[in-house]
Amino acid sequence: MSTSLERGIRTWVAQIDAPIASFFTSCVHCGICADACLFFTETGDPKYTPIHKLEPMRRVWQQEYTFWGRLAKRLGFSKPVTEDELKEWEPLVYDSCTLCGRCSMVCPVGNDITYMIRKMREGMVAAGYAPEGLKAATSRSIRIGSPMGVRLPALQAQIKAAEAETGLTVPLDQEGADYLMLLSSAEIMQFSEIISAVTRIFDEAKVSWTLASKAFEATNSGMQIGSSDLAAQLVQRIVDAAEALKVKYVISPECGHAYTALRWEGPNLVGRAYPFKVIHILELLDELRAEGRLKTDGFEDQRVTFHDPCQIVRRGGIVEPPRNLLNMVAKDFVEMEEHGIMNWCCGGGGGVSANERADPIRRKAFDRKKHQLEGMGVAKLVTACSNCRNMLEEGLEDNHLDEDIEVVGLAEMLAEHLAVSNRADTGESTSTAKE
Amino acid sequence: MKDTRTVGEILSSQGISRRGFLKFCAATASMMAMPPSMVPAVAQALSNARRPSVIWLSFQECTGCTESLTRSHSPTLEGLLFDSISLDYHHTLQVAAGSAAEEAREHAMQENDGSYLVVVDGSIPLGNPGYSTIAGISNVDMLKETAAGAAAIVAVGTCAAFGGIPHANPNPTGAVAVSDIIKDKPIINVSGCPPIPIVITGVLAHYLTFGKVPELDDLGRPTAFFGQTIHDRCYRRPFYDKGLFAETFDDEGAQQGWCLYKLGCKGPVTYNACAVSKWNSGTSFPIQSGHGCFGCSEPDFWDSGGFYRPLSATTADVGTLAGVAALAGAAAGAAIGRMNRSHRARAQARHEKLTIDDIEES
Amino acid sequence: MTETEFLNWVRGPGMQIALAVFIVGMVYRVLENYLIGRKQSLAEPRGSEWTHGVGTMWRRSFTRAKLTTRGYVTLVAGYIFHIAFLVTLFFLAQHVEMFRSLLGFGWPALPPLLITITAVLGIAALLALLAHRLTDPVKRMLSDYQDYLTWFLTFFPLITGFLLINRVGIPYKTLLATHILSFELLLIAIPFTKLSHIITTFISRWYNGAIAGVKGVQS
């Protein structure tokens, strides 16, 4: 069955729930959400007002779920949603929304606009309106196993490199391990030093862990494009692997939306609670720190700040762990003016980075981050999401700031300062940052 | 029978001095908001006016109006002015009775056709003519018959002006005001239950002075007396403006003379001269004696939600209504809510899994 | 209809109709939304839906984000309007008497002078918000006829009330009746317009707080 307008509308009817009805009912058109959205603040174009991005779904709600709307529909007074509108709204919903959730934090009447956009995308994709880039990434995720087309051999190569570098074994498919570590394809392809980093940290902390050859990819393009059906398929792979390996925990890596997909949406997508727990790498590292199993040596000598990945912090609830961890290794750790749950998005979340069409506006929206960083005098911008990391690096480069500010992954920074017990190799291991 | 003396001659024959007469004229002129320069003109006009023939019809009434106008205090200039008119017919006051009384009325009507004044107190029952009759003539017939040759009609008291207490719910007699029946004559409504004596004399004085009906408000009342509300001229108004209200009739606020709004005073919506002219020779008026205004000079004052209920309060019972409304809302909401729920469930049931092929094709 | 009949009608049957429509409408509206239902999350919660939901019902009265100028105009005028309107509605002695007649109990009122000030502030804030709605590109884009209708229905009681306190020319009885009628029109409009946010805001905030609360974030 192919996508169609009718299918999209039916999907919305199925997706609209009590919170959404309440949100639409409550909206007073105050427009404050616009100020929370970097696509509006950096362009000044009113069409980027978050609540406006939901107009077609709002009309479906009105026509299908309200007494007066139904009456008007029956009498032929209501304006049906059209293909043209969906075409017009597609870029608003996909190119200029990163699902960052900032609008949901400022709406005075309490509308969780991000929650609505997530459902808005369900109908959009079912109607056949989704960006080519994101469709291609979803296609690769389903058919190949990774949005970037990463296959097992690529991972195996990186494992081999990490083993060579650390002198430690990187466990793969080890049944009965406590933790199943997932990775994002960006980590495998661009930031593979994370593999060495976690290998060394887990070795020091004596964490029983493994990678899985059948489920190494944590990202979920299905969720980004807005299809719960496809998102469920991707989550199912991880669930199957975790169950086969009988792990107690699945570690969500430094990737924002992967955490949301696995931790919060996952059980609802596959339709049952997991027999294992999902823990974010930052949560685990913070636990190890608290238990004294993670010890560090020395401090960063430069000023550092932390970019909160939206899906991990604001939409994920992991606010304090990254700060606890950073304070272990950075003496001059400063916060951006708006940070934590009110941080500004990098501009590339929610599938925007996979959508080439969105490149111009995404790069424009990066001005927000640039302004945030201005005058802070930071030499290192630490983050905990490989997508953020990509976006930040690219944005800094666009603005010729890449000479001044280095973007670093938090786990890697910790690994650099890992206090090594006597049995392992001596000297500080500095992983080579790959550009 | 017909007295052709002027008002001035009658007054002086009764021992009223020129000075006393001028005082009355000045008081009347000031009550009617005329400039002081008008006083001599009023005096002149009144002195020279022929005493008019007045026929007083009392219908469904309590005689309170007559009491107010004639017996409130004596001797008064107001009372004397009544003496100076030719009150040719008045149930309560006339000596004649029975057919003689009716003859007097008919005689006055014939002799003064087109120039006599009709004063009415009491409302007129339309429900059944037998509810109130005089000499076998129903009120409505007598009013029509008498009004036919009148120069003007003065409806004295709220009953005659607006139906008053007989008109109050459920209005068993079908009582109506004079103006509901007579449409072709000037009618001056001097409302109040009872009306203030000087208001009626003022109206008569005005009529005698100028030979015409005074300026009236939209309820037919002379604006000179009914142009402002009790509240506008109330000496307790500063307390209202400060938000100082008596809560009960004997609390500290009541003793301090605070505003009686919360005790149901209708002063803000009642047009009358009580606060200015007061009663009993200017002694006091209801608010001054510690009781809120009833609003007796207003239409339907008896049915305006209770004398002790503040003006801003809702007059209807809403407790049961609120409960019923909540239940009705809940029932309707539950019904449509269930429809919504199943609408959603159906859409979910009809959902066909989106496949990667679907997306790739799109 | 005479002035008196008008006043008596709005004080009695008018208020009954308005209250009935308001109550039926709001109960209905809330249930119509609520009964659509929602899936309970199967994800292991990190925090409580209830505590965070209730927390957001209150917290969302304050903003956490830095806004742009246009946002601050809305914010400041919005605060002034809401506070001024609520104080005027609930703390003018005459209004307390109305509530006493509806609820059976009352509360202390504030001095009329203060209420005059809040009424003026409310009127000024509403005028500013209207001007902003007409000039700000975001608001102008979002607005439909309802935004202007509800603006008027909110402005109407404030302005008639202000005139009533300050006695500007118009006969008191008509003005009082019009003022009460304006309040009744507002009540009637609430369930059918965005004004239903007076209730549903708290439901929305609860959901927002609960959705975030499951993840351990106070939204």
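This is a predicted model: local features need pLDDT of at least 70, side-chain atom pairs count only at pLDDT 80 or more; totals for chains, interfaces and linings use all residues.
**Chain A and chain C**

The contact between these two chains takes in 60 residues of chain A and 51 residues of chain C. Together they bury about 4500 Å², and carbon and sulfur atoms give 59% of that area. Three residues, A:H29, A:D35 and A:W264, supply 14% of what chain A buries against chain C, more than any other three residues.

Four salt bridges cross the interface of chain A and chain C. In one of them, the side chain of A:D35 meets that of C:R70 at 2.7 Å, N to O. The polar contacts between chain A and chain C come to 33 residue pairs, with both residues at pLDDT 80 or more. Several helices of chain A each supply at least two residues of the side that touches chain C, among them α2 (18-26), α5 (55-65) and α16 (256-270). The largest share, seven residues, comes from α2(A). By class, this side of chain A has 31 nonpolar, 16 polar and 13 charged residues.

One residue of chain C with neighbours in chain A is C:T74, which touches A:C30 and A:I32 as well as C:Y79, C:L129, C:H132 and C:K139, not counting residues up to four places away in sequence. C:T74 sits in helix α4 (residues 69-91) of chain C. Is C:T74 buried or exposed? Its relative accessible area is 6%, so C:T74 counts as buried. The side chains of C:T74 and C:K139 are joined by a polar contact of 3.0 Å.

**Chain B and chain A**

Here 20 residues of chain B are in contact with 27 residues of chain A. The area buried between chain B and chain A is about 2200 Å², with 52% of it on carbon and sulfur atoms. Of the area that chain B buries against chain A, B:L354, B:I356 and B:I359 supply 28%, more than any other three residues.

Four salt bridges are found across the interface of chain B and chain A. One of the salt bridges in the model joins the side chains of A:E6 and B:R350, at 3.8 Å, N to O. There are also 15 residue pairs in polar contact between chain B and chain A, both residues at pLDDT 80 or more.

**Two domains of chain B**

The domain assignment divides chain B into domain 1 (52-226) and domain 2 (230-303). Their C-alpha centres lie 28 Å apart. In the contact, 20 residues of domain 1 of chain B meet 17 residues of domain 2 of chain B. The two domains bury about 1400 Å² between them, 65% of it on carbon and sulfur atoms.

Across this interface there are one salt bridge and five residue pairs in polar contact, both residues at pLDDT 80 or more. On the side of domain 1 of chain B that touches domain 2 of chain B, twelve residues are nonpolar, seven polar and one charged. The side chains of B:E298 and B:R221 form a salt bridge at 2.9 Å, N to O. B:R221 also forms a salt bridge with B:D217. B:R221 is buried, with a relative accessible area of 2%, and B:D217 is buried at 19%.

**Salt bridges within chains**

Side chains of opposite charge can pair when their charged atoms come close. Over all chains the count comes to 50 salt bridges.

| Salt bridge | N to O distance |
|---|---|
| A:R289 and A:D286 | 2.6 Å |
| B:E145 and B:R105 | 3.5 Å |
| B:R221 and B:D217 | 3.0 Å |

A:R289 and A:D286 are three residues apart in helix α17 (residues 281-290) of chain A, so about one helical turn separates them. A:R289 is partly exposed, with a relative accessible area of 27%, whereas A:D286 is buried at 13%.

The pair in chain B joins two helices. B:E145 and B:R105 form a salt bridge. B:E145 lies in helix α7 (residues 139-148) and B:R105 in helix α6 (residues 98-111), so the pair ties together parts of chain B that are 40 residues apart in sequence. B:E145 is partly exposed, at 34% relative accessible area, while B:R105 is buried at 0%.

Chain A also holds a network of salt bridges that links A:D359, A:R362, A:R363, A:E394 and A:D398.

Note on methods. Residues are numbered from 1 along each chain as its sequence is written. Chains are lettered from A and ligands numbered from 1 in the order in which they are written. Side-chain values use heavy atoms; hydrogens and water are left out. Domain bounds come from an automatic or database domain assignment. Contact means heavy atoms within 4.5 Å. Buried area is the accessible area (1.4 Å probe) that two parts lose on being put together, summed over both. A polar contact is a pair of N or O atoms within 3.5 Å; within protein, one must be able to donate a hydrogen and the other to accept it, and residues adjacent in sequence count only if both atoms are side-chain atoms. Ala, Val, Leu, Ile, Met, Phe, Trp, Tyr, Cys and Pro count as nonpolar, Asp, Glu, Lys and Arg as charged, and the others, Gly among them, as polar. Helices (H or I, at least four residues) and strands (E, at least two) are DSSP runs, numbered from the N terminus. Buried means under 20% relative accessible area, exposed over 50%, partly exposed in between (1.4 Å probe, protein chains only).
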